[in-house]
Amino acid sequence: MTAVHETPTTELTVQEQEWVDQFMDETTLFLGPDREIMRSHNIAPRSLFEEECIAGGIDVLQIDRIRKRLAGALDEGYEMCEAMGAAPGAKWGDLTTAVYTASGDVTYLSCHGVIAFSAILHHPIRYIMKYWKDEPTVGIHPGDGFIHNDARFGNVHNTDQSMIMPIIRDGEIIAWVAATIHEGENGACEPGGMPSGSETPFDDGLRMSPFKIVERGELRRDLLTFLQHSVRDPKLQLADLKVKIGAVQRIMERVNNLIDEVGVETFVAALRVTVEDVEEEVRRRIKELPDGTVQFNQFMDSTLKENILIKFACKVTVKGEKMTVDLRGTGPEILNRAINSPLCSVKSMFMQAILAFWWPDLPRCTSAMSPIEIISDEHTWADAGYDAPMGQSLQASFRGFSALQASWAKLQFANPEKFSNVLAPWFNQINTFLWGGVTQHGDQVGNLCADLNGMPGGAKPFVDGEDAVSPLFCAMADTAEQEVMEEEVPFMQLVSKRLVRDNMGFGKQTGGMGYEMIVASEGTPLWGFMTVTSGAKFSSIYGMFGGYGSGTYPLARVKGINVYDVLRKDPSRFDLSIEKVMNEQPFEGGQYLTSHMGLQFDVAKDGELYMMSQGAGGGYGDVLERDPNAVARDRELNRISDKVAREIFAVAYDPQTYLVDVEGTKALRAEARRARLERGKPYAEFVKEFVTPEPPKDLLYYGSWGDKADELTATVFDIDGPKRVTAPIAELPIIMLPDRRDLKVAELEARVRELEHKHGENVHRKS
Amino acid sequence: MTEYLFIDLDTERWVCRVCDHDLGDARGNYKEGTLVYDRDPREIHQPIIDPDKYEFTFSPDPGYCRILEFYCPGCATQIETEYVPPGHPPTVDMLWDIDALRAQWQARGTDPSTAITYGPGEDVRRHLHAAADTH
């Protein structure tokens, strides 16, 4: 039994409370994230100066010209980062440049890049304005630049580093300009900056609250040195700091020229009016949607260390011009696993759905989300607290994206005014290899393959989804030239872009397909790979209107062989695929392994194979409505197997010519429909048989069960072992999972004792 | 309201767009009017690597994941699917305010059956023309 000692409570008198408050106000140990700033995604109220500027009169054509000039300047800065950036992320477009109002609202974002940042960077700017502007030891001066990466102060995740600089006229801050790049390496417990293995916030690497690193145009060498000593890739840290500073300074040069032309007042009015216009337009667009509620639940199957099921609940309600997104029912934070996300990161991915998939025509402003109310319970995995590790926060925040992207098909279907097509779910996982170690050039590095940018798209009602088209967070990202990468890192993608048969969301229109990749390192004293993906037991994305979702994705490895030796001896054996390698096991002496896709830094010896596949986009509509000729074409191209063509799409065809047998197909489909009517049960009867009062006994389940969002179910591990509890989030105990190696050792020890007992062996052990 | 469902605002009923089958009160959950099947996910997402040798095979684990298939009882069209853990209640995915919906369409003064499209773009227009030519 666990003893419980309750802390005695004492009511304070009014006077005592005042003393406590005064003491707390005057005694600041350190400044953490500001709750008031971090919980709000609303635009700031108009400042007095903005009022004056707008009162001076608005010329809409002039404002439009200013917006276009800003867009041009931001795109120029973006291209500088992309062309000169040292980080792999920069080279593929995983970055953004933006201009902000004085109070930090994003007014305009570069046309390319990651839209999610339009919901996030007001947090650090508000922090700088609140805490550093009037702080005598800091202050804000012309030419100053602030760096930041800690998601708890407002960021997508900690791999992204920002350079934020003020535009100052007549001693007043009138705007901000920033560039943010996915830098990758940040000194976390594993190379690459987004560790699946982090178990405390201290494992997450650099945790930069916003601080000044550029003073009046000069990069501070002491702070730069500190940062370089804190990461595995000091060259990258230096190079990209300079790139960001250069890009921001170029944008500021363009903006300053613009201000000289139009005047400060017109410029400030243009920024503010843009933000307000977008907010007003969003309210109008919400009003055009039907009133009602759309609910979408997702279940993630991994902490990236062990398989569990954790829920991401989402209910979107529209009433008039008001929209509410309610995340209650979402599973609790797990305090020693990396999958937790701060709410601001989840909101940033909401914004990604809103501005890339709902209303892609709108200027990318903070205000695109500010009219939407978001309800969330603190200390859930999608709204994690300060003490939760967040190395792989994308696990929760990408579910935030899917929650709004997938719900949109239902929310907007009956609205005649659409700004984007009806669309099935986009793939939402980071199916790529992270890597780290010592390169062939002797440099220590840590980063990732661009193949996460090969996420397949969802199907539309009238066309199949695109194969490996773009990541959910960046429409124009590149998957990069692997040959260029191979000049810098000591591994090859032996198989790089080979589509995996049947890997699509089936439907009337099929979701885009994903490809497989097989990597192996060589010629390095130390190298290792990591993977940071869930969805090996429970599909990560689902279908739309009768379509199916993605399959699940294993990590496959062959250890204990050197494939390069084999291929040098006999090049004809260079015919690799996951299916072939794992099923035929062609390399003698190899250990053939599968696991879920949460792999912590795994030392890769020369020539050992690491294999994975990209996911698939969601299918749209009933598979039996798919054009039989499209099925036969997919079969001919070997995109689908014969089994799928016949059993799922119910198409008969000639296996030699791939011509559709029209009558045979009609018969197969009639039979398939008849079978549905026979096996389908009336809803009430089905629910009675299928639904259980709680999750299966041995499943580690976290979140609400059904629609009861006020109570969460969780398995907690205490002194007596695993125990299931159901309680409101505030009453749940802290959730921590045991070390899986300890569990494995305990299991093996029990087995040893069982065998000793069985064979009558008496072993004396000391503890 | 979806690819396969419309709401008859006069009768306030959910109706199948393929066969006009009545699926129940439009103020409630359309799923209550459907037939449901608990599908083993391995039948849809079939293993690519050998399930006898490996735990992870490209197929979802049926102990974690089930696919609920919702069929129209009239024409057997699969109007929705849902991926859930075994025993998890089906989600009430849509509930609409019928009075507000009626007022909205009255204010628009247009016919929903012609006003609603799949959205902007050349592809949608081509699709609409192709559909019109077929019929």
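A:Y658 sits in the loop between α16 and α17 of chain A. Helices (H or I, at least four residues) and strands (E, at least two) are DSSP runs, numbered from the N terminus. The phi angle of A:Y658 is near 60 degrees, a positive value in a residue other than glycine. Most residues other than glycine have a negative phi. A:Y658 is partly exposed, with 16 other C-beta atoms within 10 Å. A residue is buried if 20 or more other C-beta atoms lie within 10 Å of its own, exposed if 12 or fewer, and partly exposed in between; C-beta atoms are placed from the backbone.

The model is predicted: local features need pLDDT of at least 70, side-chain atom pairs count only at pLDDT 80 or more, and totals for chains, interfaces and linings use all residues. Residues are numbered from 1 along each chain as its sequence is written, while chains are lettered from A and ligands numbered from 1 in the order in which they are written. Chain B averages a pLDDT (the predictor's confidence in each residue, from 0 to 100) of 93, and 95% of its residues score at least 70. For the complex, the predictor gives an ipTM of 0.96 and a pTM of 0.95.

B:F58 has a phi near 85 degrees and is a residue other than glycine. The loop between α1 (41-44) and β5 of chain B holds B:F58. B:F58 counts as buried, with 26 C-beta neighbours inside 10 Å.

Helix α17 of chain A covers residues 662-679. Its 18 residues should span 26 Å at 1.5 Å a residue, and the end C-alpha atoms are 26 Å apart, which agrees. The expected span is 1.5 Å times one less than the number of residues. A:T665, A:R669 and A:R676 are the buried residues of α17(A). They cover an arc of only 30 degrees around the axis, which puts them on the same side of α17(A). The arc is that of the directions from the helix axis to the C-beta atoms. The face turned away from this buried side carries the exposed residues A:E663, A:E671, A:R674 and A:E678. Cover for the buried residues of α17(A) includes α15 (628-636) of chain A and β5 (66-71) of chain B.

The two chains meet through 75 residues of chain A and 64 residues of chain B. Contact requires C-beta atoms, placed from the backbone, to lie within 7 Å. On the chain A side, β8 (292-302), α14 (578-584), β18 (591-595), α16 (642-648), α17, β21 (681-682) and α18 (683-690) each supply at least two residues. The largest share, eight residues, comes from β8(A).

Strand β18(A) has two faces. A:Y592 and A:T594 form the covered face, whereas A:Q591, A:L593 and A:S595 form the uncovered one. Five bridges join β18(A) to the antiparallel strand β17 (residues 555-559) of chain A. In this pairing A:R557 stands opposite A:L593.

A:G546 lies in the loop between β16 (527-532) and β17 of chain A. A:G546 is buried, with 26 other C-beta atoms within 10 Å. Beyond residues up to four places away in sequence, A:G546 touches residues of chain A, including A:G507, A:G621 and A:D622, and residues of chain B, including B:Y4, B:T77, B:Q78, B:I79, B:E80 and B:T81. A:K508 is 38 residues from A:G546 in sequence, and their C-alpha atoms are 8.6 Å apart.

Chain A also contains an open sheet of seven strands, ordered β2-β1-β5-β4-β3-β6-β7 with antiparallel pairing. Strands pair if DSSP finds at least two bridges between them. The edge strands, β2 (106-109) and β7 (218-219) of chain A, each pair on one side only. Strands β4 (residues 160-169) and β5 (residues 172-182) of chain A run antiparallel, joined by 10 bridges. A:M165 stands opposite A:V177 in β5(A).

Helix α4 (residues 60-84) of chain A packs on this sheet, touching β1 (95-101), β2 and β5 of chain A. The direction of α4(A) makes about 145 degrees with that of β1(A). Axes are lines fitted to C-alpha atoms, for helices over the stretch in contact, and angles run from 0 to 180 degrees between N-to-C directions. Helix α6 (residues 122-132) of chain A lies across β1, β2, β3 (145-148), β4 and β5 of chain A, at about 50 degrees to β4(A).

A:I63 lies in helix α4 of chain A. A:I63 is partly exposed, with 19 other C-beta atoms within 10 Å. A:I63 touches A:I58, A:A270 and A:V273, leaving aside residues up to four places away in sequence.
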